[in-house]
Amino acid sequence: MLFNSLHFFFFFILVTPAFFLLPHQHRWKLLLASSCYFYMTFVPVYILILGFTIIIDYFAGILIENSKGKKKKKFLILSLVANIGVLAVFKYYNFLNDNLSFLLGNIGYQNHVPYLEILLPIGLSFHTFQAMSYTIEVYRGNQKAEKHFGIYSLYVMFYPQLVAGPIERPQNILHQFHVKQYFNYTNVVEGLKLITWGLFKKVVIADRLSIYVDAVYNNADQHSGLTLIVATVFFAFQIYCDFSGYSDIAIGCARVMGYNLMINFRRPYLAGSIKDFWSRWHISLSTWFRDYLYFPLGGSKVAIPRWYLNLFIVFMVSGLWHGANWTFIVWGALHGIYQIFSVSFKKFNERNILGYRPLTNAFHVLLTFALVCFAWIFFRANNVTEAFNICKSIFTLKGEGLFIGTPEGFVYALIWILFLLVVEYITEYHSDIIKVFYSSNRVVRYAGYTVIVLFIILFGVFNGGQFIYFQF
Amino acid sequence: MEPSYKLLRNGLIILVLLFVTDRALGALIEHFFFNEKQGDSAVTTHGILDANEDILIFGNSRASHHYIPELITEKTGLSCYNLGRDGMKMLYYETLLKSVLSYHTPKVVILDLNLNDFEYQHQEEQKLTAVLMPYINKNKEISEMIYTQSKMQFSLAHISTLYRVNSLPMSIVQHHLEIGQKHFSGYEPLSGNMPQSATVQHIDNANYKESKDQLTAFENFVKATRSKNIKLHVLVSPGMKIHKHNALKTADSILSKYDLKCYNYSELFNANANKLFYDVGHLNEIGAKAFTDSVIVDHLTEIPAAGIN
């Protein structure tokens, strides 16, 4: 069930009032049942995989809490192996097998390991990572093991963030399921505003841009360098609006019921450096890697070469997290290299190179955006060879002219990107100016709500476009 | 006030506001949409609402750039309109024909068959629904087609007037200001020609795969003309990109059931192609004139009440 479908609309307006009508002690049952239904609308049988990891991690949590020393560690390892094992089988097995076939083929051998005819369960990496954060936090003593099996299941399966995050930490969300949530007008309104804004970003901006991006990237060799640059910039905004739109809807749905999920995006394209970008982009994942991989590797508190290696490893793994394809690994590696350069030239970056601070800041924002866009080429391309060909076409400015597609579609795309940038800029630097949604004047406020909904209806693309991050 | 009542009251106010603005703004945009005189939508509107010509031409962009209705009228004395629309395929032609036949019976129908018309097109259903959405309340055939393609879109179109004109404001402005290509009874002339070096290419499309839906739509198209005793001509107009797949044989095998055949003009202008083509798929004005002349001579001379002038 997609957030941008009528199916979800009816689901939401049935589940939410029912949630408030039920006594507190029964609400978890409603949320768990509706989350199961939500997940099973994709591929029903995959709920068994979720069930498997939930059972393992639930008992692992209790056993970790009740054990000491090596035994405690053993239970943690058991839980991690089970989770990573599920990921390895469903997400990476065929990829590894492919690469094995390639390697063996090069030395004259044939690979007889069979391929698995399986579909990747929706959002597998998201809920697996959320489940792992639970057992790790229990192991570290930062979280008490959850004794209520239903509540623990809900922690993994809570429908707003089940298939594409934000990847929550147990300390933030688990206790909220135990507390009685009262109907709160402010929470409901704030939640609905977030849902509306998220939907706007998804159907008006992301899905509009996807028409152009798909047309170009699916025939990349036919297009000029200029067209490929435009398509890459459009993709940067497409993926941002697609994913942050999803996150806003997820956070909004939870907020309506009184639950607070962590923020996942903070205007990433206004970042002044790659480090800054990663503190604004997919925050729940980047902090996950920071807490559970980067710090355990030693973080920055090691010798400089090791520090650089740590950064590189984290971003490579982050790339691999996104998908079993070399394109994602190269994308991750590029960000790893960017990070290493960023920390190496920190002093240079801090200098006012253009003599006028606002101009220097703008230069840094543009440079960061260009670097991020360059990496997006690998993320979006169908394979690494194609990505390199696209880079070649861009840097040699191959061909002439600019592919427009449908003129009105192209103009809409430009208008909405500009609109988004203006909103983000104002929110970043002059947040007191945006008063449309928060005006004390009810007429202005209601007019703001009406206009945004009418924009969604009039300019949205309703072709049932899936969210890009579902595949991860 | 109880927070739940406050939410209900304010929600109701916003719903009313939304309903009123949706209807008002939607009606205004619809008014401008149905009064367009230029552009693709104006051609479709003509087909769905007020086609009254003797000869109607169906097809995609190749139809709209290859057949000159004014020339046909001049030579045959029969009124003619070109309903070709860029990027469309059999499902669209079928729906459009059925819409026309619900209120008017032309004497002749020409179907310009593209050799890729039977192939599945990615997201064609969505494209078709988007193009025909404004007419959902204007024609039963279209309403049924949209219901079959997407119940969600069908429901949305009945809830919201604005949704029916989704994404259209920009093109409405463009067409009212008459920016871009102009059409004459549906025909869109193209000026310019291919470079001297351009030659006819034979494309071996190994991935060609026929779509069952498109084939059914083709047969339904033929049946619909048969049921109204309309003379149907299925033609493949000239091109510089000749596909070597089996579409023509498939078309003929279906047409033969109705004692019809497909006339293939795809290689008609091989000799001096570069002067007659605008690009590999489309004839320029000179090419369109030459081709229309051939069509008149070969197919439109024996129509009752028509005579070559």
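Start with helix α16 of chain A, residues 384-395. Helices here are DSSP runs (H or I, at least four residues), numbered from the N terminus. The expected span is 1.5 Å times one less than the number of residues. For the 12 residues of α16(A) that gives 16 Å, and the end C-alpha atoms are 16 Å apart, so the two agree.

This is a predicted model: local features need pLDDT of at least 70, side-chain atom pairs count only at pLDDT 80 or more, and totals for chains, interfaces and linings use all residues. Residues are numbered from 1 along each chain as its sequence is written, while chains are lettered from A and ligands numbered from 1 in the order in which they are written.

Which residues of α16(A) are buried? They are A:Ala387, A:Ile390, A:Ser393 and A:Ile394. A residue is buried if 20 or more other C-beta atoms lie within 10 Å of its own, exposed if 12 or fewer, and partly exposed in between, with C-beta atoms placed from the backbone. An α-helix has 3.6 residues a turn, so residues three or four places apart point the same way. On the other side of α16(A), A:Thr385, A:Lys392 and A:Phe395 are exposed.

What do the buried residues pack against? Their partners are α9, α13 (326-344) and α15 (357-380) of chain A. Contact means C-beta atoms, placed from the backbone, within 7 Å. A:Phe378 touches A:Ala387, and also A:Thr327, A:Val330, A:Trp331 and A:Leu334, not counting residues up to four places away in sequence.

A:Phe378 is also among the residues with the most contacts inside the largest nonpolar core, which has 178 residues. Such a core is a set of buried Ala, Val, Leu, Ile, Met, Phe, Trp, Tyr and Cys residues joined through C-beta atoms within 7 Å. Helix α9 of chain A (residues 225-256) gives the largest share, 18 residues. At least three residues come from each of domain 1 (6-181) and domain 2 (186-459) of chain A. These bounds come from an automatic or database domain assignment.

Now step back to the domains. Their centres, taken over C-alpha atoms, are 26 Å apart. The contact takes 21 residues from domain 1 of chain A and 20 residues from domain 2 of chain A.

Chain B joins in too. Here 25 residues of chain B are in contact with 20 residues of chain A. The largest share of chain B's side, 11 residues, comes from α1(B).

Key:
Contact = placed C-beta atoms within 7 Å. Helix = DSSP H or I, 4+ residues; strand = E, 2+ residues; numbered from the N terminus.
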